[in-house]
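Subject: Structure handover

Hello,

Please find the structure below, with notes on what was found in it after that.

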Amino acid sequence: MPLKTITREYEGFLEDRKSRFLAFLVPIEQFEVRLEELRKEHRKANHIVTAHRRLLEDDRVEESGKDDGEPAGTSGMPTLRVLQGADLINCAVLIVRYFGGTKLGGGGLARAYSGAAQDAIANADLVPFQKLSRKKFSADFASSSELERKITGLGLDVVSRDYTETGVVLIVEGPEDLLDALDGTADG
């Protein structure tokens with residue numbers, strides 16, 4: 001199944017026997033900052049359980065599920081399994097739990113955390129994941145504006161521009177198939 005991701009934060013919610021589970025699905029780049037913000041915003045919360053999945057440069061997937069004091073295996077891993085099951089990458093789920101006074105048991109916790117994560121995913125606009133790559137393109141001064149126009153037209157980003165005696169060398173970032181579509185002089 002093709003991988004999917006998100007471009008902004010989405011929220012979900014679940015309540016079980018007066019325990020409230022607030023789920024936040026965020027792009028991976030916002031994970032650490034959002035965790036700190038939630039810890040400050042929800043000082044009275046009992047737990048903030050997290051799970052994340054990130055594609056590394058070498059195409060391996062880094063992933064984790066953290067229970068944050070809940071009984072081992074009842075929260076972080078069930079939440080991670082929801083991310084895996086939805087084929088999501090480069091995103092994280094943070095779930096704030098307010099204890100309602102009744103213990104839910106291991107199975108109840110697993111259902112509640114995964115249910116809150118599923119609700120956040122159901123509210124999200126999932127987009128196809130595209131791995132970004134970088135390629136070097138060079139052009140003489142006469143054709144550099146045409147190359148820049150093509151880059152803009154394809155929605156690619158210029159990471160750097162180095163001017164030489166004969167023209168310009170651009171490092172361009174974007175999805176691999178679009179970089180391949182740029183038929184300038186690729187140097188690598």
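What covers the buried residues of α2? The cover includes β3, β4, β5, β6 and α3, where contact means heavy atoms within 4.5 Å. The buried residues of α2 are Gly76, Pro78, Thr79, Leu80, Val82 and Leu83. Buried means under 20% relative accessible area, exposed over 50%, and partly exposed in between, with a 1.4 Å probe and protein chains only. Helices (H or I, at least four residues) and strands (E, at least two) are DSSP runs numbered from the N terminus.

Two points about the source. This is a predicted model, in which local features need pLDDT of at least 70 and side-chain atom pairs count only at pLDDT 80 or more, while totals for chains, interfaces and linings use all residues. Residues are numbered from 1 along each chain as its sequence is written, and side-chain values use heavy atoms, with hydrogens and water left out.

Helix α3

Helix α3 covers residues 105-122, which is 18 residues. From first C-alpha to last it reaches 25 Å, close to the 26 Å expected at 1.5 Å a residue; the expected span is 1.5 Å times one less than the number of residues. Among the buried residues of α3 are Gly108, Leu109, Ala112, Tyr113 and Ile121. The buried residues of α3 pack against β2 (10-16), β3 (19-27), β4 (47-55), α2 (76-85) and β6 (91-98).

Arginine 111 also lies in α3, but it is exposed, at 59% relative accessibility. Arginine 111 and threonine 79 are 32 residues apart in sequence and 9.3 Å apart in space, C-alpha to C-alpha. Threonine 79 is one of the buried residues of α2.

Salt bridges

The structure holds 14 salt bridges, each a side-chain nitrogen of Lys or Arg within 4 Å of a carboxyl oxygen of Asp or Glu. Here are some of them.

- Arginine 34 and glutamate 41 meet through their side chains at 3.3 Å, N to O. Arginine 34 is buried, with a relative accessible area of 10%, whereas glutamate 41 is exposed, at 52%. Both belong to a network of salt bridges that links Glu9, Arg34, Glu37 and Glu41.
- Arginine 39 and glutamate 36 form a salt bridge at 3.4 Å, N to O. They are separated by about one helical turn, because they are 3 residues apart in helix α1 (residues 31-41). Arginine 39 is partly exposed at 41% relative accessibility, and glutamate 36 is partly exposed at 42%.
- Aspartate 58 pairs with arginine 60, the closest N and O atoms being 2.8 Å apart. Aspartate 58 is partly exposed, with a relative accessible area of 47%, and arginine 60 is exposed, at 52%.

The largest pocket

About 470 Å³ of space lies in the largest pocket. Of the 16 residues that line this pocket, the closest to its centre are Glu29, Asn90, Phe129, Gln130 and Leu132. On a 1 Å grid over the protein atoms alone, a pocket is an open set of points where a 1.4 Å probe fits, with protein on both sides within 12 Å along at least five of seven lines, and lining residues have an atom within 4 Å of a point. Grid points are joined across faces, edges and corners, and the volume is the space filled by probe spheres set on the points.

By class, the lining has 8 nonpolar, 4 polar and 4 charged residues. Ala, Val, Leu, Ile, Met, Phe, Trp, Tyr, Cys and Pro count as nonpolar, Asp, Glu, Lys and Arg as charged, and the others, Gly among them, as polar.

Loops and backbone angles

Most residues other than glycine have a negative phi. Asparagine 90 has a positive phi, near 55 degrees. Asparagine 90 sits in the loop between α2 and β6 and is buried, with a relative accessible area of 16%. Aspartate 87, which follows α2, also has a positive phi, near 55 degrees. Aspartate 59 has a phi near 70 degrees, again a positive value, and lies in the loop between β4 and β5.

Proline 71 is in the loop between β5 (61-66) and α2. Proline 71 is partly exposed, with a relative accessible area of 45%. Proline 71 and phenylalanine 31 are 40 residues apart in sequence and 23 Å apart in space, C-alpha to C-alpha.

Regards
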